[in-house]
Amino acid sequence: HSEMFPLVHSDDDAGDRSDANWMELFQIWLNLPAARKDAPPFFEMLWNETIPRVVGGDSAVTVVAGALHGATPGTPPPDSWAADPANEVAVWILRLGDA
């Protein structure tokens with residue numbers, strides 16, 4: 001699930017995000033492992049400045065979960081599939097061309 005909306009009102013009617021204060025939200029929901037179905041809810045904000053990126057040419061990969069080319073993201077939610085390295089969970093956001 002991904003959403004984008006302005007944090008601050010903008011008079012930009014053309015839909016151009018270049019002059020507005022925009023925020024992009026991304027949610028991914030994975031069913032918990034059977035042994036962790038009763039885990040307490042967990043939420044954590046990921047701030048743009050703390051999320052690693054791998055850039056090559058005019059493209060970039062934002063590394064949300066799962067290491068990539070030396071870029072290691074923060075600690076995953078404690079009861080998630082990603083908390084166990086054996087599951088090899090990776091969430092990468094790719095921006096191709098003019099990243």
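Visitor: Before we start, how should I read the model?
Guide: The model is predicted, so local features need pLDDT of at least 70, side-chain atom pairs count only at pLDDT 80 or more, and totals for chains, interfaces and linings use all residues. Residues are numbered from 1 along each chain as its sequence is written, and side-chain values use heavy atoms, with hydrogens and water left out.

Visitor: What makes up the secondary structure of the chain?
Guide: There are 0 helices and 5 strands, and along the sequence they give the pattern β-β-β-β-β. Helices (H or I, at least four residues) and strands (E, at least two) are DSSP runs, numbered from the N terminus.

Visitor: How do you know that β3 and β4 pair?
Guide: Two strands pair if DSSP finds at least two bridges between them. β3 and β4 have 4 bridges, in the antiparallel sense, so they count as paired. Val55 has Ala60 of β4 as its bridge partner, and Val54 stands opposite Val61 in β4. The two strands form a hairpin with 2 residues between them, and Gly57 in the turn has a positive phi of about 65 degrees.

Visitor: What joins β4 to β5?
Guide: β4 and β5 run antiparallel and are joined by 5 bridges. Ala60 takes part here too, with Arg95 in β5 as its bridge partner.

Visitor: Why is β4 called largely enclosed?
Guide: Because 6 of its 7 residues are buried, β4 is largely enclosed by the rest of the structure. Buried means under 20% relative accessible area, exposed over 50%, and partly exposed in between (1.4 Å probe, protein chains only). In the chain, buried residues make up 15% of the 99 residues.

Visitor: Why is Ser59 called buried?
Guide: Ser59 lies in strand β4. Its relative accessibility is 19%, so Ser59 counts as buried.

Visitor: Where does Ser80 lie, and why is it called buried?
Guide: Ser80 is in the loop between β4 (59–65) and β5 (91–95). Its relative accessibility is 13%, so Ser80 counts as buried. The Ser80 side chain reaches the backbone oxygen of Pro77 at 2.9 Å. Leaving aside residues up to four places away in sequence, Ser80 touches Leu32 and Arg36, where contact means heavy atoms within 4.5 Å.

Visitor: Why is Asn87 called partly exposed?
Guide: Asn87 has a relative accessible area of 31%, so it is partly exposed. Asn87 also lies in the loop between β4 and β5, and its side chain reaches the backbone oxygen of Trp81 at 2.9 Å. From C-alpha to C-alpha, Asn87 and Gly66 are 10.0 Å apart in space, and they are 21 residues apart in sequence.

Visitor: How many salt bridges does a search of the whole structure find?
Guide: The search of the whole structure finds 1 salt bridge.

Visitor: Which residues make the nonpolar surface patch?
Guide: Ile28, Leu30 and Trp81 make a patch of about 300 Å². Ile28 lies in the loop between β2 (22–26) and β3 (53–56). Patches are made of residues with over 30% relative accessible area and no salt bridge: like charges are joined within 9 Å, nonpolar side chains (Val, Leu, Ile, Met, Phe, Trp, Tyr) within 5 Å.

Notes
Polar contact = N/O pair within 3.5 Å; in protein donor to acceptor, adjacent residues only side chain to side chain. Areas by Shrake-Rupley, 256 points an atom, 1.4 Å probe, with all protein chains shown as cover. Salt bridge = Lys/Arg side-chain N within 4 Å of Asp/Glu carboxyl O.
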